[in-house]
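Open the model in your viewer and keep the sequence beside it. This tour tells you what to select at each stop.

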Amino acid sequence: SSGINAEYGGFAGIHPVPHHTVNAEGMYIVEFGLADWRTFQNNLKKISKIPTSPVSVTVNSSGKYVVSIAPDMWHMIIEQNGFAGIHPVPHYTVNAEGRYIIEFTVAEWHTFEINLKKIPTFEINSSGKFVISISHDMWQKIIKDDGFAGIHPMPHYTVNAEGMYIIELTAEEWRIFQINLKKLSTVQKSSIAYRVNSSGNYVISISPELWKMIMSQDGFAGIHPVPHYKVEGGRYIVELTAAEWGIFQLKLKKLS
C-alpha cells in the first residue's frame, strides 16, 4: 500500500523517493536499484508490525472491487446494515488472516461507500490507539444515546475538513464503545450475511430482529423441512442448499 509506505516511512533512506505507476489491478509499481531494494526490505520489516486498515480495497482485472475487512469492522457493518441497497447480499470468504473478503461491482462499491459513512470507522495508529472517524449525523445519535457510557473522561474530539468527528480510544475504550454501539437506536434491524462452505451450502447469519420477521411471515415457505438453526453471538445461523437459498432470497424480497 502506497499510503502505508508514505505514512510509516517505507521509503526512508531512499533518495529521491521512487517514482511509481499504477497498473490495471490498482497496484503501485516502483523500480529500485540493489542498494535501495535492501533499504526498502529493512523498512518493510518495520511496517509489517503495524496493524492493517480495517477496510482496504483493490480493483481486479475484471474491474471488480475486492474489499478486505477486519473482523471487528465486519461485525459493525453487519450490525448496522452496511450492505443496505446491495442485492443480493454479498457473498464473502475469510482469508488466512481472518479478514472478510467480498467482491463488488462499481455500483455496489459506491453504495457500500455511502453506507460506510453512516458507520464509525477506525484506524489503528502506531501507538496502538484506535482512531475513530464518525459522521456528523452518527455523532449526534451517539451523543443522544450515551454511546460513550463507561468511558471516562469523555473522549476529546476534533472535526476534520470533511466534517467527520475524530476521536482516539485505547483498546479497552474501543471494546466498551463497540458494546455501546450495539445498543444504539440507530442499529438497523434487517441485517443478514452469508458464506458458502466447503460443501457448497449457504451458511446464513441473521439478526434477531430479522429472524422474528422471517418467522412471523413464513420466510422459509417452500423449503422442506424447515431449516434447523443454531444461535451464535445472538445471531441465528441456518444452512441452505443452493436451491433453498434461491427460494429464501425470493421470500426476503417480499418481507415488509
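**Before you start**

This is a predicted model, in which local features need pLDDT of at least 70, side-chain atom pairs count only at pLDDT 80 or more, and totals for chains, interfaces and linings use all residues. Residues are numbered from 1 along each chain as its sequence is written, and side-chain values use heavy atoms, with hydrogens and water left out.

**Stop 1**

Strands (E, at least two residues) and helices (H or I, at least four) are DSSP runs, numbered from the N terminus. Two strands pair if DSSP finds at least two bridges between them.

Now color strand 10, residues 165-169. What lies on its covered face? Tyr165, Ile167 and Leu169 are there, while Ile166 and Glu168 are on the uncovered face.

Center on Ile167. In strand 8 (residues 130-134), Ile132 has Ile167 as its bridge partner. Strands 8 and 10 pair antiparallel over five bridges. Tyr157 also has Ile167 as its bridge partner. Strand 9 (residues 157-159) runs antiparallel to strand 10, and three bridges join them.

Follow the chain from strand 9 to strand 10. The two form a hairpin with five residues between them. Select Gly163 in the turn: its phi is positive, about 80°.

**Stop 2**

Most residues other than glycine have a negative phi, and most peptide bonds are trans.

Select His152 and Pro153. A cis peptide bond joins them, with omega about -5°. Pro153 sits in the loop between helix 5 (136-144) and strand 9.

Next, select His224 and Pro225. Their peptide bond is also cis, with omega about -5°. Pro225 is in the loop between helix 7 (208-216) and strand 13 (229-232).

Stay in that loop and pick Asp218, which lies between helix 7 and strand 13. Asp218 is not a glycine, yet its phi is positive, about 55°. Is Asp218 buried, partly exposed or exposed? Asp218 counts as partly exposed, at 48% relative accessibility. Buried means under 20% relative accessible area, exposed means over 50%, and partly exposed is in between (1.4 Å probe, protein chains only).

**Stop 1: helix 3**

Select residues 71-79, which make up helix 3. Met73, Trp74, Met76, Ile77 and Ile78 are buried there. Just after the helix, Asn81 takes a positive phi of about 55°.

**Stop 2: aromatic rings**

Show Phe, Tyr and Trp side chains. Rings (for Trp, the six-membered one) pair if their centres lie within 6.5 Å; planes under 30 degrees apart are stacked, over 60 edge-to-face, and the rest tilted. The count comes to 28 aromatic pairs.

Zoom in on Phe32 and Trp37. Their pair is tilted: 6.1 Å centre to centre, 40° between the planes. Phe32 is partly exposed at 21% relative accessible area. Trp37 is partly exposed at 37% relative accessibility.

Finish with one aromatic cluster: Tyr65, Trp74, Phe83, Tyr92, Tyr100, Phe104, Trp109 and Phe112.
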